[in-house]
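Open the model in your viewer and keep the selection tool at hand. The stops below take you through it one selection at a time.

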Amino acid sequence: PLLQLSGGWRMRAMLASLLFQQPDLLLLDEPTNHLDMPTVAWFADFLARYKRAFLLVCHDREFLNEQISRVISIEQETVRQFAGNYEQYTKQRLEEEQVLENKAKNLQRQREQTQRFIARNRARKDRAKQVQSRIRALGKMESVDTYRKRRVIHFSFPACGRAGQEVVRLQGVGKRYGDQVVFGGLDLRVRRGERIGIIGPNGAGKTTLLRLMAGEVEPEAGTIELGYKVEAGYFAQHHSETLNQNATVYEEVAARGPDAGITRIRTLLGSLLFSGDDVDKRIAVLSGGERSRVALARLLINPGNLLLMDEPTNHLDLESSESLAESLCTYDGTLVFVSHNRSLVRRLASRIWEVENGQVETYPGTLDEYLDSCRRRLGAQAEGAVAAEQKPATRAQPGPPSPGRAERTKPAGFKRTRAEDRERKRLQALVREERSRRLYLLRARVNELEKEITHLEALQNERSALLADPGVYADKERSTELIRSFNQDKKRLEELTEQWERAEAKLDS
């Protein structure tokens with residue numbers, strides 16, 4: 001039965017039934033929600049090879065960039081279409097926004113100049129015709145509607161109470177569902193201030209581990225202890241199941257924070273985009289994204305100093321997901337979260353827990369460091385397998401000791417021969433030569449980067465001066481090209497500066 005499966009396996013079953021049909025048009029609404037990273041990678045490969053059309057609603061930035069060739073964007077002003085992937089859409093949107101803003105400023109400047117001329121010369125008979133002409137021109141002057149900014153959730157965490165050094169301790173923890181053993185004998189520690197990202201395949205037990213730590217389910221074996229002065233807040237994956245469907249948005253949040261007061265509750269709801277009569281809507285009529293925001297509000301009204309979050313960005317739009325990540329960066333408590341959103345894990349995690357086959361492997365460091373470690377480990381395993389295949393079956397006969405071994409077994413006080421001294425000096429000279437060569441190459445790279453940065457900065461200064469001239473925007477093609485070049489070289493300048501800093505650091509070390 002589907003209800004007995006994890007969220008990821010439910011999504012797999014839904015996708016399997018859909019993809020098996022090979023329809024002419026696939027309509028996909030948040031298909032990557034709950035899927036683990038290997039499954040998302042498989043699904044991305046499937047869509048890349050899919051010969052028919054698909055229409056995709058998705059808030060995973062990396063997945064969008066990999067898959068789409070056209071964007072239909074529901075903006076504040078209207079529905080727009082853009083060629084390219086998500087990154088190209090944001091770039092085009094930004095360029096349009098800058099052009100419109102500059103055009104609006106120029107028109108406003110012309111309007112003000114015309115109004116000043118009319119005010120100065122209205123009473124003069126010799127300027128009557130010119131005044132009337134300017135009045136008519138003012139009436140015909142076009143207006144420019146600049147882009148209205150889409151509202152995005154925005155909040156900050158208050159300072160939380162200080163907990164003990166050890167926040168959670170799991171000792172010999174075992175958990176099973178019927179005959180299925182999920183965990184057997186887990187020993188884990190969470191220390192104050194850590195940001196732990198839990199990853200692993202669907203059905204491995206990531207949600208169960210988080211629920212065990214939150215006290216939502218009890219272990220069959222072992223103990224789970226919260227540390228000194230630890231107050232935990234839990235955001236469930238299937239949050240809609242935890243909400244009272246008959247309550248209003250305000251009532252649901254107020255029930256979690258009865259001492260918060262009307263002003264604080266409404267302020268928090270406003271930061272999560274519930275304003276005016278929205279707070280009186282019943283949970284039953286809310287969309288998936290709105291329910292996610294209610295669940296977030298319930299958590300944030302009293303977050304405690306330990307946050308346990310299970311897929312917090314599911315059902316949130318892309319801008320809100322990124323805003324949530326920014327807000328979580330300001331949280332000064334301890335964070336343990338499950339997520340398959342690669343950009344979220346990259347941004348937040350300082351330690352990775354990989355859940356698989358009933359075990360939890362811990363990796364200190366970021367997601368990229370963990371992935372790099374996995375690549376190195378797999379590479380070493382592959383090399384070991386190749387070496388084992390190439391190893392001769394016969395045992396090697398003992399031979400004379402190698403020079404290195406003979407050197408190590410010489411008795412103390414042993415004097416080198418002249419030939420050995422010459423060899424040692426030759427090797428030292430080779431080391432010095434190699435060091436000088438590497439220093440020369442590094443210095444040359446630093447100088448090359450400095451020249452390119454200086455050249456680009458001069459170009460950007462010239463473009464800035466041109467873009468500040470209102471007359472430039474009379475030629476739309478020229479102004480658009482200027483803005484495009486400015487944005488392109490701005491990104492290039494940032495990349496070069498990063499490369500220069502890394503090269504300088506290497507040179508110093």
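**Stop one: a buried leucine**

Select Leu324: at 0% relative accessibility it counts as buried, because the cut-off for that class is under 20%. The model is a predicted one. Leu324 sits in helix α10. Now show what surrounds this side chain. Neighbours within four places in sequence aside, Leu324 is in contact with Ile153, Phe155, Leu296, Pro312, Thr313 and Leu316. Pick Phe155 from that set. Phe155 and Leu324 are 169 residues apart along the chain, yet their C-alpha atoms are separated by 8.1 Å.

**Stop two: strand β10**

Select residues 306-310, which make up strand β10. How many of its residues are buried? Five of five, so the strand counts as mostly covered. Show the side chains. Leu306, Leu308 and Asp310 point one way, while Leu307 and Met309 point the other way. In a regular strand, side chains alternate between the two faces of the sheet.

Strand β9, residues 232-235, runs parallel to β10 and is joined to it by four bridges. There, Gly233 stands opposite Leu307. Strand β11, residues 334-338, is also parallel to β10, with five bridges between them. Here Leu306 stands opposite Thr334. Trace the chain from β10 through helix α10, residues 318-329, to β11: this β-α-β crossover is right-handed.

**Stop three: the whole sheet**

Zoom out. Which strands form the open sheet, and in what order? There are six, in the order β9-β10-β11-β7-β12-β13, and the pairing is mixed. The edge strands are β9 and β13 (359-364), each pairing on one side only. From one strand to the next, the twist averages 15 degrees.

Strand β12, residues 351-356, runs antiparallel to β13, and six bridges join them. Select Ile352 to find one of these pairings: its bridge partner in β13 is Tyr363.

**Stop four: helix α1**

Select residues 7-19, helix α1. Check its length first. At 1.5 Å a residue, its 13 residues should span 18 Å, and the end C-alpha atoms are 18 Å apart, which agrees.

Then colour the buried residues: Gly7, Gly8, Met11, Leu15 and Leu19. Look down the axis of α1. These buried residues fall within an arc of 95 degrees, so they line one face of the helix. What do they pack against? Show β1 (25-29) and α2 (37-49): the buried residues of α1 pack against both.

Notes: Residues are numbered from 1 along each chain as its sequence is written. This is a predicted model: local features need pLDDT of at least 70, side-chain atom pairs count only at pLDDT 80 or more; totals for chains, interfaces and linings use all residues. Side-chain values use heavy atoms; hydrogens and water are left out. Buried means under 20% relative accessible area, exposed over 50%, partly exposed in between (1.4 Å probe, protein chains only). Helices (H or I, at least four residues) and strands (E, at least two) are DSSP runs, numbered from the N terminus. Two strands pair if DSSP finds at least two bridges between them. A crossover is right-handed if, with the strands pointing away from the viewer, the path from the first strand over the helix to the second runs clockwise. The expected span of a helix is 1.5 Å times one less than its number of residues. The arc is that of the directions from the helix axis to the C-beta atoms. Contact means heavy atoms within 4.5 Å. Axes are lines fitted to C-alpha atoms, for helices over the stretch in contact, and angles run from 0 to 180 degrees between N-to-C directions.
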